Every structure is written in C-alpha cells, then in structure tokens.
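Visitor: I am new here. Please show me the structure, and then I will ask my questions.

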Amino acid sequence: MIKSNVSETQMNQLAQSNIISSQIAPYMNNINNQYTRSYVEDIIKQHSLDSAARVLVIDQKMNVILDSYDDFESQNIDLVEVRYALMGTNSANIYKHEVSYVMYTAVPIIFQNEIIGVIFMSINADFIFENVQSILDKLIIIFLIALFVSFFISVLFAEIISTPIEFLTESVKKITLGNYQTKVEVKGNDEIGELGSAFNSMTAKLFQVDDRRKKFVSNVSHELRTPMTSMKILSDTLLSQEHWDEAIYREFMQDINSEIDRLNNIIDSLLYLVRIEKDEIELDYSVTYVNYLIEKVIKTIRPIAQKKHIETTFVSNNKIQINLDQEKMQQCLLNIIGNAVKYTPENGMVNVSLLDHRDTIAISIVDNGIGIPEKDIPYIFDRFYRVDEARARKTGGTGLGLSIAQQIVMLHQGSIEVTSHMNQGTNVTIILPKN
C-alpha cells in the first residue's frame, strides 16, 4: 500500500515537473532578460503554490537560476536527482530529514534536443505515510474489533458445544456404572444432536441387551435348578428310608435318570448355541432333496402326533434340491415342527408345504393350535422365552429349540417369518436361498 502511494505521488510530481519544463524551455536562453526572468518566475511560483512544492530552475553547472521560495538562487545544488536529469533521466526519491519525509524530483529542460537545465521540485511527503498510518490505525481497530467478536463468538460456541458434550460425558460415566437407562436431551439437527440421538439409541440397545442377559441368567438358573431340585428331593427321599420296595426304588431312580437327561439336554443346547454364536460351527454343505428331508422329519414326529390324534401332512408341487447342511437343517425342522405338534390340541392338524420361488425356497409349517399373542411374537426366538410359563412346564422341553432353529437358518443365510392368531393357529415360514 505504501509502495503504491509513493509511486502515485512520484508520477504526479514528475508530471508537474515536465509541464514546468515544457513551459519554460523556450525562455531559458534569454533568462537573463528582466521580463523573461519575471515571466518564468511567475510560472514556477504558480506551480509551487498549486502543488505546495518548492520549484528550482537549475542550469547545466547545477547552479540555481530561480527558486520559487527565493532562498537558493545562485547556490550550487549537487544532488543525485539533478545529475540524472542532466543526463536526460527523470528521477524521484524520498528522503527522511529528522522527523519528516521529503520527495525530490528532477527532470531535464530540453530545447531543440539539447539539455539546457533541470527542473527540481521538493515536497513534504509526510502525507503519504500519514494516510498509510491512518489506514493502519483503522485496520488495527478493525482487527481488534474482529478479534473481540471472534473471541465472543468462540466463547459462545464453546459454551453451546461444550455443554452438551459435558452432559454426554456424564452420561457415559453413568453407563460405565451400569445405568443403561441414561438418556441425553437432544436439541437441534446438528452433529451434536446426531451424536445425542446415536448415544440414546446405544443406551436403549444396551438396556435391552442387559435386560435380556438378566432374564437369560435367571431363566438358565431356573431351568438348571428345576431338575437339580427334583433329583435332590428324590435322592433325599431314598436316603431317608431304611427299607424300600424294589419297584418304588426303580421308579425313583428312573425319575432321577430322566432329570439327568433333561439337565444334559439343557447344557448341550446351551453349548450348541454358544458354539454357533462364536462361529465355531461350520456347515457341512451337500446337495439335498429338501422334500425327502421334510418327509424324514415328519416320519420321526408322526408317532408323537398320532398319540394326540393330530393329522400331519406334507405338500410339494415338485422335487427341490439345494445345498445345505442336512443334519443341522433336520434339527431345525424337528424343533419347529415338533413345537407345532406340541402346542396343537388333540384332533388338530399340522400341515407342511414346500414352495419353489425364483431365488429361494420356502418351507411353511401351519397348525391350528392355540396360537401366540401378537406381543410375544418378536421374542419367541429368545432363549428360554416362555409365552405361557405354566403351559411350558406342562409340555416340557429346554426352551432353547426355537433359538437353535433360528441360528441354524441364519447360518444358511436364510430367515424365519412367523404369523399367528390366538386360538386359530400359527404359520412359521423358513426361507432359504437356493445358492
């Protein structure tokens, strides 16, 4: 900025000097004439007045012929600018004298292609730096104002951002202490709001997982305790008697053996689920006719169904073969079809159908049993989940069959869909990919 102002002032002063040079050049050879001298003096004094500058007319020997201030006449002025002008070069420079700045400009006086003198001008150049200083002062004020505003805004935004983060930090500490019901207040749709929403979703999921974990532990404890308690009662009863009838003794031992089998089934099922979730179980794929597999499962379950006079049917329009793990899929179907028979009253029916779609197959198991309440359907595949505790105890089982069935289907990249109506029946559909 300073450089630009200096350059502009230099150009203006050089232009003024050249104007004076052009005006007085024709009169220089007759400068000693009183009238000519007076005329030239009027010209330089008028320019001096107009531009607030000192104007000197200097001859070829660097002597002052005329001075607009009438101080330096006849004095020798040996300056760089004057030397350059006598060589035909315009020049302008700024100097500092004590506390002030001065600009010197010098241009040659040319008449008939001959340099016959020099026009030398000097002006006070403080105004150049005063303008710059004024601008700098204003810039400093603007900078300070901007700095203050930025500081105020940063403090404001820091408060806006830090406050919810502090609340979030406190909430995280509560989560680490096991308080999974902790929530944060979500305000706005910015990144902090999205973070708060994600945090609330996480805590809701953690609460759900923790709640299921507690229920699972409780159910496992209950399921394991039941056969243990029965065996304890039976064994204590046996030990408390000195003499036993062999038939009663055998009956008690059979009951204990049954409870041991039940306990083993629960433990085996739990270990199987753990192995599935740890990805320790690998599927042994082989080309399988799904029709024959379903018929084999129904044949296994039919004696149980016949005891309750339940009709079991299987419908398939064509033979379907896909790659799957026969043993595990058989276990899955045994659990689901077995459940359908178990929870269907006497003289009911269980129908199994196999449908062929473009990219998938669907195995549908439909019964006309007691049905499942709508509120319980999302949880029936949870471990030990009981729709009706009393009914579950009566029908027996480990409470893990549906969980294992779902895991097996998921291992095959499939899915299970359930629809049910109370006292009308249930439809469970297993969907498996062909490839």
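Visitor: Is Y95 buried or exposed, or does it count as partly exposed?

Guide: First, a word on the source: this is a predicted model, where local features need pLDDT of at least 70, side-chain atom pairs count only at pLDDT 80 or more, and totals for chains, interfaces and linings use all residues. Residues are numbered from 1 along each chain as its sequence is written, and side-chain values use heavy atoms, with hydrogens and water left out. Buried means under 20% relative accessible area, exposed over 50%, and partly exposed in between (1.4 Å probe, protein chains only). Y95 has 31% relative accessibility, so it counts as partly exposed.

Visitor: Which kind of pair do the rings of Y95 and Y104 make?

Guide: Rings of Phe, Tyr and Trp (its six-membered ring) pair if their centres lie within 6.5 Å; planes under 30 degrees apart count as stacked, over 60 as edge-to-face and the rest as tilted. The centres of Y95 and Y104 are 5.3 Å apart and their planes stand at 45 degrees, so the pair is tilted.

Visitor: Which residues do ring pairs link into a cluster?

Guide: One member, Y104, counts as buried because its relative accessibility is 17%. Ring pairs link the cluster of Y95, Y104 and F120.

Visitor: What parts does the pair of Y27 and Y39 tie together?

Guide: Y27 and Y39 form an edge-to-face pair, 5.0 Å centre to centre with 65 degrees between the planes. Helices (H or I, at least four residues) and strands (E, at least two) are DSSP runs, numbered from the N terminus. The pair ties together parts twelve residues apart in sequence, because Y27 lies in the loop between α1 (2-24) and α2 (34-51), and Y39 in helix α2.

Visitor: Which residue besides D67 forms a salt bridge with R54?

Guide: The closest N and O atoms of this bridge are 3.0 Å apart. The partner lies in the loop between β2 and α3 (80-86), so the pair ties together parts 17 residues apart in sequence. The residue is D71.

Visitor: Why is helix α10 largely enclosed by the rest of the structure?

Guide: Helix α10 covers residues 401-411. Among its buried residues are L402, I404 and V409. Helix α10 is largely enclosed because the buried residues number eight of the eleven.

Visitor: How many residues are in the largest nonpolar core?

Guide: A nonpolar core is a set of buried Ala, Val, Leu, Ile, Met, Phe, Trp, Tyr and Cys residues joined through side-chain atoms within 4.5 Å. Those with the most contacts inside the largest core are L333, I336, I363, I365 and I430. The number of residues in this core is 41.

Visitor: How many residues are in the second, separate core?

Guide: This core includes M28, I65, I109 and I119. Its number of residues is 23.

Conventions. Salt bridge = Lys/Arg side-chain N within 4 Å of Asp/Glu carboxyl O.
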